[in-house]
Amino acid sequence: MTLFPPGVADEAALLADVTEHDVRLVRFVWCDPVGIIHAKSIPAERLAGKARSGLGLSLAQNALDIYEHLVDVDGLTPVGEIRLVPDLSTYTRLPWRHGRTATLLVDQRALDLSPWDCCPRTFARRMICAALAEGLVIRAAFENEFYLAERTADGITPYGNGPCYSTAGLDRTADVMEDVVEALGTQGLVAEMWINEYGVGQQEISIRYSDGIASADQQLRFRDTVRGVVQSHGLLAVFGPKPWPDQIGSGMHVHLSLWDPPAESNLMYDRDREGGLSLLGEQFLAGVLEHLPALVSITCPSYLSYARLAPAMWAGALIAWGFDNREAPLRIASAFAGQEEQSTNAEIKACDASANPHLVLGALIAAGLDGLQRGLRLPEPARVDPARLTGDDAARAGVRPLPATQGEALDLLERDEVLMGAMGDLLSRTHLALRRSEFARSLALGEAAVRARTADIY
């Protein structure tokens, strides 16, 4: 197996790898506030010096909504530039481009190379540092559902069907999916599981967790790899939350745990408490649950996200939490026997791939830290489908609806001082403006047109 491992030590090592492996083009890659992955590609011979100075980008590039409409955001005009400065630790050669093209994930920086307030990756790093200041290392993994699809006379349609979790379903898509899994592995992205899911042609891949910013970085590389490999087979990978009205939606579930680096211990685990969930873990997750009505404007940020958040869809349509309750948006996953401490983690199910993963990670940490600082506690766990709880039982479990529309969620975010303050003025204003523009245009266009657009971009 040819390996395309990520990471180099410095600019000299970067240039040496480019020369040794005959890399022709290098992409500077970032994800914008509405979750679209972008890149600028330069010939490899122009790379010298760019590792430090970066590439220029118009301020206005971050003010485009999903319809590529330039939204009026104060501070993001066509006048002025920022710099795309690469993080050399993210360097990798692309197997579906035969290693002749490489990528570098970038930070968006001001002209003087200081951190820029509208960079989602910088926001995530800032929240990771805030957690470190509390003695917490964040470990996370993004678990993706997506559809294989093809372009036909009837539009974009699902490809390759089989009974859920079946060997038949695996075989019908094996030619493309085995190449996907291999391409992930050659870049150091460990696929822990691949299954065919409930939808026609729907797939799911779980990637091994990573520390801090690398977990969100992995999600960008994952999406790009799946798209690139699937496209090389003449097919499409569709990550949108609800591509077809008659098929189940796709999530981007976040698995998260809290670690003490000196002791290498999982601070979310306590063998003497129910489900192994520690008090510290409970307080962190209580913050996530309290802010969830506003958080979903970041984790489920697109118009069609709210078509996915429906009961009986394992998406978490009602605010609740539980031990292995797959209808709750916040689930404490069952630990593996003999590996209880290592495997205890929380899964945030109310999340999909129309989100920017750096925004997601940063916002979850901000909400969790608020829960820690305030000593919040979780309500009773939901021990059945939350939709079946009524009266006092529902009240004790804190069951209530999540926002029903993108617009409603954005209004709740604007009133959430913790999340708005964590994101900062420019990034929070940009997120609200872009997604509100999307909401208005989507209402005017209708769901069929929105589905066609989001199937192309996510």
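**Charged pairs up close**

Reply: There are 32 salt bridges in the structure, each one a side-chain nitrogen of Lys or Arg within 4 Å of a carboxyl oxygen of Asp or Glu. Keep in mind that the model is predicted, so local features need pLDDT of at least 70 and side-chain atom pairs 80 or more, while totals for chains, interfaces and linings use all residues. Residues are numbered from 1 along each chain as its sequence is written, and side-chain values use heavy atoms, leaving out hydrogens and water.

Let's start with Asp 107 and Arg 121, whose closest N and O atoms are 3.0 Å apart. Buried means under 20%, exposed over 50%, partly exposed in between (1.4 Å probe, protein chains only).

Next, look at Arg 139 and Asp 211, where the closest N and O atoms are 2.7 Å apart. Here the link joins distant parts of the chain, with Arg 139 in strand E7 and Asp 211 in strand E11 (residues 210-211), 72 residues apart. Arg 139 is buried, with 10% relative accessible area, whereas Asp 211 is partly exposed at 37%.

Then comes Arg 273 with Glu 282, and their closest N and O atoms are 3.0 Å apart. Arg 273 is partly exposed, at 26%, but Glu 282 is buried, at 9%.

Some salt bridges also share partners: Asp 87, Asp 107, Arg 109, Arg 121, Arg 125 and Asp 217 are joined into one network that way.

Now for the cysteines. A disulfide is counted when two cysteine sulfur atoms lie within 2.5 Å, and the count here is zero. The closest cysteine sulfur to that of Cys 118 is in Cys 119, 8.4 Å away, which is too far for a bond. Cys 118 is buried, at 0% relative accessibility. Cys 351 is in no disulfide either, with its nearest cysteine sulfur, that of Cys 300, 6.0 Å away. Cys 351 is buried as well, at 0%.

Terms used:
Helix = DSSP H or I, 4+ residues; strand = E, 2+ residues; numbered from the N terminus.
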